[in-house]
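Colleague: Hi! I'm new to this one. Could you walk me through a few of its contacts?

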Amino acid sequence: MSENERILEMRDIVKEFSGVRVLDRVSFALRRGTVHALMGENGAGKSTLMKILCGIYAKTEGEILLRGAPAEIQTPTDAKALGVAMIHQELSAFHALTVSANMFMNREFMKGPVIDEARMVSETDKVFSDLGIRIDPKAKMETLSVAEMQLVEIAKAVSTDADIIIMDEPTSALTEAEVRKLYETVEDLKSRGKSIIYISHKIEEIFAIADEITVLRDGSLVGHDEIGAFDKDRLISMMVGRTLSQQFHKTRHTFGDVMLKVEGLSREHAFENVSFEVRAGEVFGLAGLIGAGRTEVVETLFGLAKKSAGTVSLYGAPVEINSPGDAIHSGIAFVSEDRKNVGLNLVGSVKENITLANLKKYCRLGVINAREERAASDAQAEKLSVKANSRDTLAMYLSGGNQQKVILARWMSTTPRILILDEPTKGIDVGAKAEIYRLIDEFAAEGNCVIMVSSEMPEVLGMSDRIAVMHEGRMTAVFDRDEATQEKILAAAAGI
Amino acid sequence: MKKKSKLLDYLVKYRVFVIFAVMFIVMAISSDVFLTRGNILNMLRQLSINGILAVGMTFVLITGGIDLSVGAVLTFSAMVGCSLIQKGSPYPVILAVAVSLAIGVGIGLINGIIVAKGSVPAFIVTLGTQMMAAGAALLLRNGSPIPGLKDEYNVIGAGSFLGVPLPIYIFFAIMLIGGFVLRRTRFGRHTYAVGGNALAARACGIRDKSVTIWVYVISGLCAAIAGVVLSARVRTATPIAGSGYELDAIAAAVLGGTSLTGGIGNMWGTLAGVLIIGLLNNGMDLLNIQSYIQDIIQGLIIIAAVYIDVNTNKARN
């Protein structure tokens, strides 16, 4: 492997934003036909480095060599022409257009002045069959699953003859089966001599797929080596600069009475006849594939959608929850998987986001007591160690981990008894993850309960006291912590 | 060095006021009349109508909506109100004011309900109610104005207190109340939250639809107040009085930094926007610029001001 030629070398790259150095003499080398993982916590400089490679940012110092020759990458167009393609974390698809229109955006086949639709479809088909992708090129992009959109993006990169494909958190929205499919595609790309820069927070994933690893921390290069030279602990300690003796913080404590009881809950076209109960002090995991109906169940519990049948009881008494307001009033808090669309007001400040769910508490006759609000928001932000310049910083400027902490701070300030978390650590770094796990454990230990939807197997197994598995809108199995294994959960999730 | 950059920061932060100050100084140099007490009061009195509309518009824009009906609501509510209190009518002035305001609130309520519950785009809903209100205003007296209003009514627009015309007090009072509600109350915070991310607001237990309805009611109410002030000032209700006013109000709010996509804006900025537009109109009159050319210049300056605003902000980040 190591004898493969270097297709890309980035040497002593420095990037400064108005005098602040965010990348400090970082070097990075990529060999042909390999997968090179770029690791580091949020803010380590991975994205900045990749944006320089893609021509989105201009480097302050340093040089880039492509295929041994110095390359000047000033614009995204330059990067494309030099065979560098990036598959974005948040997909930038044109949802109302067809798959083939997306594939050939801005490089459409023309027949005189009009677009040659037929040729675009056939060319798309050709690329897809090469990669073993089964998607109808004429389908509207919006009818595709997130995984399928991702595959289209990859096919698009391949079809531009890109040699270097950058994948930024490609599996964050994929199910286990789809991840396996992605791995196959990546292996296939490798065998064609393509090189892949792979950015991910998921350590298991890196060990499954990468040939080499480069680790960044705080804008500097920490180390680089072949995969065999790493183990999980070493990698984590390189990323965070300390050893995390235990990633999943979990203490033993006793359970109390049943707090939440769900019987025969159904919502048309989403899920059917879901029953479970959660006791005080318990972390209840909800596992399953994406699209199995887990998010729909918790959204219904929180009053964001209407149930069509079933009953919900809190503390032994049946309740009707018709709106999030009802749910909050009943002591339920909900952290959505969709941080940007359902969670945050991105153009609102940290403070405003934290106090939004129980602003009433800081109001007299509808007028906000500014001092009380500031104090409450600061206290919550400190408790969850939110890192922001000030309480007035807009949420859009925070890293993913800090955004998640802001949302958690908001819900903890409502002093809930039942905390519903949907993919609580999606796309956030190792350090923030550990803090969130600690928070979950402490919250449960105080005699509250947690319902946690998660597609990350180690997280479900590591944090849950009991694990329910859903498959196509039905609950197929419930396991106790001690009997749950990855195999059993996967089997139940697949409906076997 | 550090001090200098801090000053620069302030100048960038309050750039709309800087733009206003520059224009103010230019006018003060170009015209002898500009800085006289009479002219300044006249300018403020004239811009008070747009100012009142802009307060309501700011609320609507912050939720991510738009209200194109305010000009026509101003006209129609004033026409109906004034039709009750021509000299010799048995009705008291207070009734005319109450009826006008009720019409403003009513149309605002209709706008709000259709936008929030019917999910029809605000642009279309308020364009429709604009056309209906404008038509109804013309229909009422077959296109004729309503002159000869009772003197007690005219005082609202033509009277003064301590030498300052009443419309200026009314404008500043509404602006202060609007600013307070937006900045300091729960409703104001909810307005920002709904405009910033309606789904997230709903997930926080905020009744986003009711917030949406309320901002259109506020906008309608402001339009009706402006209608009362304007008709009382010119002592006549004319059936085309407010046509095109909605665009001045939107321009003032956007000049002041309110985002058309929602979630961002504040009343101080809107005040600056209102002052800039008022200053432009007044200044160009003083400089004897022909009114057609005034329109061209005003259009240019609005684009230029927002260009400077947006791009200095971008450069700072």
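Modeller: Happy to! Let's start in chain B, where helix α7 (residues 151-158) packs with helix α11 (residues 208-233) at an angle of about 105 degrees, their axes 6 Å apart. Helices here are DSSP runs of H or I with at least four residues, strands are E runs of at least two, and both are numbered from the N terminus. Axes are lines fitted to C-alpha atoms, for helices over the stretch in contact, and angles run from 0 to 180 degrees between N-to-C directions.

Colleague: What does that make α7(B) relative to α11(B)?

Modeller: Roughly perpendicular, a label for angles of 65 to 115 degrees (under 35 is roughly parallel, over 145 roughly antiparallel, the rest oblique).

Colleague: And which residues make the contact?

Modeller: From α7(B) they are B:Y153, B:N154, B:I156, B:G157 and B:A158, and from α11(B) they are B:V228, B:V229, B:S231, B:A232 and B:R233. Contact means heavy atoms within 4.5 Å.

Colleague: Before we go on, how was this set up?

Modeller: This is a predicted model, where local features need pLDDT of at least 70 and side-chain atom pairs count only at pLDDT 80 or more, while totals for chains, interfaces and linings use all residues. Residues are numbered from 1 along each chain as its sequence is written, chains are lettered from A and ligands numbered from 1 in the order in which they are written, and side-chain values use heavy atoms, leaving out hydrogens and water.

Colleague: New topic: how many salt bridges are there over all chains?

Modeller: The structure holds 34, each a side-chain nitrogen of Lys or Arg within 4 Å of a carboxyl oxygen of Asp or Glu. One of them pairs A:R31 with A:E212 (3.4 Å, N to O).

Colleague: Where do those two sit?

Modeller: A:R31 is in strand β2 (residues 20-31) of chain A and A:E212 in strand β11 (residues 212-217), 181 residues apart.

Colleague: Are A:R31 and A:E212 buried or exposed?

Modeller: Both A:R31 and A:E212 are buried. Buried means under 20% relative accessible area, exposed over 50%, partly exposed in between (1.4 Å probe, protein chains only).
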